[in-house]
Every structure is written in structure tokens, then in C-alpha cells.
Amino acid sequence: MSAELQGGRDGAIARALAFFDEGGFRARLAAHVAIPSTSQDAGHDADVAFYLDGAIRPWLAAMGFAVAIYPNPVAGLGPILVGQRIEDPARPTVLTYGHGDTVRGLADQWDDGLKPWALTEVGDRWYGRGAADNKGQHLINLTALEQVLAERGGKLGFNIKILLETSEERGSVGLRQFVAEHADELAADVLIASDGPRVASTVPTVSTGTRGSFHFDLAVRLRAGGVHSGNWGGMIADPALLLAHALTAIADRRGRIQVPEWLPQQGLPASVRAALKGCEMVTEGEAARIDPNWGEPGLTAAEKIYGWTSFIVLAMVSGRPENPVNAVAPDARAHCQIRYTVDADPAAFEAGLRRHLDQRGFEEVRIENAHVRMPASRTDPANPWVGWTVGSMARTLGKPVQVIPNAGGGLPGDVFVDYLGVPLVWVPHSYNGCKQHGPNEHLLIGTAREGLAAFTGLWWDLGEKA
């Protein structure tokens with residue numbers, strides 16, 4: 001039967017939404033959340049492997065994919081799945097991406113009645129580890145593909161490849177080497193995938209890149225052990241105070257970064273400012289509230305997150321806070337992170353910080369373990385694939401789509417740009433209040449439904465002869 005007789009584009013979208021509304025997607029998500037495929041807790045290697053081999057591989061095979069699962073090129077890291085469905089080499093080829101691993105479960109921190117490895121519906125939310133990051137997101141896209149296949153009688157009209165990794169929550173270690181070694185197998189015209197949050201839960205969003213993340217430790221080590229605070233306090237240096245003052249030299253009382261080498265060297269690019277014109281950030285959920293007075297003055301909240309550098313102290317310790325003693329601690333340490341765009345140069349971060357600290361008298365503050373964990377990436381928002389995606393989504397959803405030059409968080413888009421040369425089109429299905437790295441992670445049901453409709457229309461449009 002022809003696609004027209006089966007209902008065409010509208011029929012495919014209606015089919016997908018019926019599957020969602022009748023509970024099919026919820027059941028699918030529940031089954032995948034139930035697999036405790038965390039890459040951050042020991043003892044879950046078998047669960048991580050089963051997610052690819054036992055849950056994803058059979059489903060892809062049923063949709064006509066040729067599937068291979070490879071060991072990670074870095075020992076001790078999770079496997080990588082590659083699926084290919086080639087109908088006609090003359091038609092467009094899309095690469096999609098996702099990750100089947102999650103952060104640790106943190107089971108003892110979830111609210112009563114909620115568990116990380118059991119999907120629980122409360123109001124407009126589906127709670128469960130991986131529901132938003134990233135199981136729910138790649139399941140939406142693959143479910144949409146499944147519905148288009150059904151509506152077109154087993155044909156897509158385009159070619160698709162998928163890469164699912166299982167070490168993203170450990171920095172995607174091994175992915176760069178893997179993509180370099182499998183570049184021919186993964187060759188495509190564009191990457192279209194989903195991860196991270198929308199600008200707001202009700203605003204369909206397309207991101208053309210992600211910020212990078214740079215990590216380092218600041219350490220002050222002054223003596224071999226603690227000494228009596230009564231006998232020594234006030235006449236010897238306190239490492240915690242020194243570290244605290246060093247941090248205030250890096251960012252001021254309002255969080256404005258003072259290290260010039262960390263910032264976009266030419267300021268906020270005009271193209272980024274133009275893309276973010278009118279983009280409003282909103283506070284949703286219970287995660288946090290936007291502080292309009294924090295960060296770089298003169299920038300909107302969207303420009304701060306999507307176009308500027310952020311400095312975050314992820315952890316800090318001196319002595320034993322859980323069991324303090326009357327002693328001046330011998331040392332203090334902070335683990336820090338820089339989130340940066342492609343407009344800043346991470347090669348200058350460590351040397352710039354060293355110079356900045358020395359000039360302010362903090363020679364005793366050491367910089368240790370400095371490294372890029374995930375590089376920044378960006379495709380020009382004017383790229384034709386971006387415009388095509390926005391047009392398809394707007395047609396399906398009947399409302400504007402916000403384009404952002406890069407998401408605030410990190411994704412391994414740089415790997416696909418460097419070795420495959422593909423433009424990046426990220427279409428997130430979550431929102432910034434989803435609590436994806438803490439307890440009570442959840443996916444908004446309405447946003448997931450909208451994402452399914454959008455991707456069904458997108459996959460359908462890719463298969464059109466025009």
C-alpha cells in the first residue's frame with residue numbers, strides 16, 4: 001500500500017501519538033529504565049552491556065538495522081553499538097546518537113515512593129534514572145522512526161546510522177578513538193540527535209553545538225598534619241582561608257570571571273547574540289532559580305549559558321567537615337570546572353590561571369590535574385540542515401522553534417565534527433528542571449509527546465523525494 005493511502009505524514013504522526021497515548025511508549029521507557037546501566041557505580045558492567053545487547057539490538061534488528069557491538073578501545077570502559085539501515089546510497093544519510101549509560105542511582109536520596117530503576121508516574125512527570133538523560137530521549141527518536149517505517153510499509157526513504165555509547169557519563173572516554181577508527185562506517189551527511197534540555201519545557205529547541213568542560217584542582221598544602229587550633233591558630237597560615245581568597249580572585253562576589261584567558265577572546269560574537277535575540281530563560285521545576293545578578297554583567301541569562309564562560313566550584317574540602325577537630329587543617333582542596341564555548345581557547349586556561357594567581361600573591365595555590373574533559377563544538381546556526389530541521393518541526397508543532405548556538409552542557413559533538421565533518425543538529429526533549437544528575441530525575445510527559453510528534457514529522461520529511 002502506498003504511503004498516501006496509509007495516511008502520509010499526518011498519518012505517521014497520528015500513529016506515533018496513538019502509540020504514546022495508549023501507553024506503548026511509557027511501557028517501553030519503563031523497561032529500559034529498569035536496566036540499572038550506570039557507568040559510575042561499580043558492579044554494573046553486565047547491566048551496561050545488556051542495555052545494548054539485550055534491549056536495543058533486538059529492536060533495531062526488527063527495524064531492519066545491521067547491528068554491531070564493539071568493545072570500547074579504552075580498557076575498562078563500556079561497549080559501543082553501531083547500527084546501519086541503508087536503503088539507497090543516493091539518498092541522505094543521517095547519523096543519530098545516544099548513550100545508554102546513566103549516572104549513579106543515588107537510591108537513598110530519592111523522595112519517598114520514587115526509585116531510580118523503576119519508572120513512576122506522578123502528575124505530568126515520569127520519574128526514573130535515565131528517563132531524561134538519555135534513555136528517554138533516544139527512545140523517543142527511535143520510536144518515531146519505528147512509526148514512520150510502519151506508515152511507509154517498511155521503507156524510510158533515507159538512510160540512517162546510529163551510535164549508542166555507554167561511557168558518556170564518564171566523559172565519553174574512548175569515543176574519539178572509536179569514531180576515528182570507524183569513520184567510514186559512520187560516514188553521514190548530518191548528525192541529528194537528542195540530549196540535554198530545551199530552552200524551556202514548552203519551547204521546541206534546536207542546538208547546533210555544546211559548551212566544553214575543563215576541569216582542574218586547586219590545592220593548598222602547607223604542612224604534614226593538623227596542629228592545635230588554640231596553640232597555633234592566628235599565627236600560622238590557614239589553607240582553607242588561602243584557598244577561599246584564591247577563589248574570590250578568580251570570580252568576584254557576583255560570579256564574574258576575573259581571568260581574561262578564560263573568556264571569549266573577541267567578546268560575545270555577533271552571530272551568537274543574533275541567534276539568542278529574544279531567547280528567554282525561565283525557571284521551571286524545583287532544581288534552582290535564576291539569579292539575574294550573577295555572572296557577566298550586561299548579558300542576558302541565555303547569553304550567559306549559551307554564549308559565555310562559566311566557572312563552577314564542584315567540590316571543596318578542608319579538614320573533615322563530617323567530624324571536625326580543634327585543629328588548623330594542613331591542606332585544602334577544591335575541584336573546579338570551566339564551561340566554555342568554541343570562542344574561548346582551553347589551551348590557555350591553565351597558564352592564564354597560573355599567571356593570574358601569581359600576580360595576586362597566591363603562589364602557594366597549586367593547579368593540579370588540569371584537563372579538557374569534553375571539548376566545545378558548534379555548527380553555524382545558518383547551516384541549511386539547521387533551517388531544514390526547524391522548518392520540519394515548526395510544521396509539525398505549529399509554533400516557533402528556538403535555535404541556540406550551543407547548549408549549556410557538554411556532549412561529544414566535537415568528535416563527529418572532527419572525524420566525520422557533519423553539521424550538528426541537537427533536538428533536546430528535556431528541560432533544565434529535570435534533575436538529571438541528582439535524585440528524582442524525570443521526563444515531562446507533555447514534552448516527550450511533543451518530541452515524538454516532532455521527530456516523526458522530521459523522519460517522514462527526510463524520506464520525501466523532494
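## A pair within helix α3

Arg 57 and Asp 53 sit four residues apart in helix α3, which is about one turn of the helix. In this predicted model, their side chains join in a salt bridge, with N and O at 2.6 Å.

## Helix α3 alongside helix α4

Let's stay with α3 and turn to its packing. Helix α3 covers residues 45-62 and helix α4 covers residues 135-151; the two pack at an angle of about 20°, and their axes are 11 Å apart. Because angles under 35 degrees count as roughly parallel, α3 is described as roughly parallel to α4.

Which residues make the contact? From α3 come Tyr 51, Ile 56, Trp 59 and Leu 60, while α4 supplies Lys 135, His 138, Leu 139, Leu 142, Thr 143 and Glu 146. Sorted by class, this contact of α3 with α4 has six nonpolar residues, two polar ones and two charged ones.

## Salt bridges between separate elements

Across the whole structure, a search finds 23 salt bridges. One of them joins Glu 303 and Arg 273, whose closest N and O atoms are 3.3 Å apart. This pair links distant parts of the chain, 30 residues apart: Glu 303 belongs to helix α10 (residues 301-307) and Arg 273 to helix α9 (residues 270-275). Glu 303 counts as buried, at 6% relative accessibility, whereas Arg 273 is partly exposed, with a relative accessible area of 40%.

Another salt bridge brings together the side chains of Glu 450 and Lys 399, at 2.9 Å from N to O. Glu 450 lies in helix α14 (residues 445-462) and Lys 399 in the loop between α12 (384-397) and β17 (402-404), so the pair ties together parts that are 51 residues apart in sequence. Is Glu 450 buried or partly exposed? With a relative accessible area of 18%, Glu 450 is buried, because the cut-off for that class is under 20%. Lys 399, at 26%, is partly exposed.

Key:
Residues are numbered from 1 along each chain as its sequence is written. This is a predicted model: local features need pLDDT of at least 70, side-chain atom pairs count only at pLDDT 80 or more; totals for chains, interfaces and linings use all residues. Side-chain values use heavy atoms; hydrogens and water are left out. Axes are lines fitted to C-alpha atoms, for helices over the stretch in contact, and angles run from 0 to 180 degrees between N-to-C directions. Angles under 35 degrees count as roughly parallel, over 145 as roughly antiparallel, 65 to 115 as roughly perpendicular and the rest as oblique. Contact means heavy atoms within 4.5 Å. Ala, Val, Leu, Ile, Met, Phe, Trp, Tyr, Cys and Pro count as nonpolar, Asp, Glu, Lys and Arg as charged, and the others, Gly among them, as polar. A salt bridge is a side-chain nitrogen of Lys or Arg within 4 Å of a carboxyl oxygen of Asp or Glu. Buried means under 20% relative accessible area, exposed over 50%, partly exposed in between (1.4 Å probe, protein chains only).
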